[in-house]
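Hello,

Here is the structure we talked about, with notes on what turned up in it. Please read them with the model open.

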Amino acid sequence: MTTPRVRIQTQDFDPSTELVALRQGDRRVGAVCSFLGTVRDWHPDASAEVLSMELEHYPGMTEKAIEAMVDAALARFNIYAVQVIHRVGLLQPLDQIVWVAVSSAHRGEAFQACEFLMDYLKTQAPFWKKEQTPEGARWVDARVSDDAALQRWGIKASNA
């Protein structure tokens with residue numbers, strides 16, 4: 001059974017299980033790099049306490065956009081497999097929100113591809129994030145630092 005490269009879901013996931021599935025039976029793999037993002041209880045730009053975060057997306061469109069990002073990583077780096085899991089719905093501080101994992105023969109390619117995908121996801125994935133704070137709800141925009149991180153890969157953020 002092949003593991004899907006991209007999953008958008010409301011339910012939580014187990015990184016250990018996902019890691020095993022990513023490298024299952026591939027004897028070429030010498031490195032796996034992963035990133036696990038969690039919901040923080042504050043927003044660094046606003047110095048505001050975050051009580052919860054709600055993520056919205058357009059089913060089908062979001063998966064297609066992230067699949068294109070995965071294709072770009074596979075074309076750019078010498079990697080074997082990629083997995084991206086992104087949660088949507090209502091999330092609380094400490095909840096897992098995103099998982100990116102990459103396998104390759106060597107660590108350098110895996111690290112670069114994982115970072116490339118996260119930089120891409122932060123600015124280009126079609127998600128809409130709303131944070132609940134003690135002062136009320138507010139929509140979260142991409143940060144300038146996220147756009148700059150993407151630009152170092154030679155990609156201009158489409159929202160810039």
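In this predicted model, Ser-104 touches several separate stretches of the chain: setting aside neighbours within four places in sequence, Ser-104 is in contact with Arg-28, Val-29, Gly-30, Ala-31, Asn-78, Ile-79, Tyr-80, Glu-109 and Ala-110. Ser-104 belongs to strand β8, residues 96-104. Its relative accessible area is 0%, so it counts as buried.

The side chain of Ser-104 has polar atoms close to two backbone atoms. One is the backbone oxygen of His-106, at 2.5 Å; another is the backbone nitrogen of Ala-110, at 3.5 Å.

Ala-110 is itself one of the buried residues of α3, among them also Phe-116, Leu-117, Asp-119 and Tyr-120. Helix α3 covers residues 107-124, and its 18 residues span 25 Å from first to last C-alpha, close to the expected 26 Å.

The other helix to look at is α2, residues 61-76, where 16 residues reach 23 Å between the end C-alphas, close to the 22 Å expected. Thr-62, Ile-66, Met-69, Val-70 and Ala-73 are its buried residues. Viewed down the axis of α2, they fall within an arc of 100° and so line one face of the helix. On the face of α2 turned away from the buried side are the exposed residues Lys-64 and Ala-75.

What do the buried residues of α2 pack against? Their partners are the strands β1 (6-9), β5 (52-57), β6 (79-87) and β9 (127-133), together with helix α3.

Regards

Technical notes:
Residues numbered from 1 in each chain as written. Predicted model: local features only at pLDDT ≥ 70, side-chain atom pairs only at ≥ 80, totals over all residues. Heavy atoms only, no water. Helix = DSSP H or I, 4+ residues; strand = E, 2+ residues; numbered from the N terminus. Expected span 1.5 Å × (residues − 1). Buried < 20%, exposed > 50% of the residue type's maximum accessible area, 1.4 Å probe, protein only. Polar contact = N/O pair within 3.5 Å; in protein donor to acceptor, adjacent residues only side chain to side chain. Contact = heavy atoms within 4.5 Å. Arc of directions from axis to C-beta.
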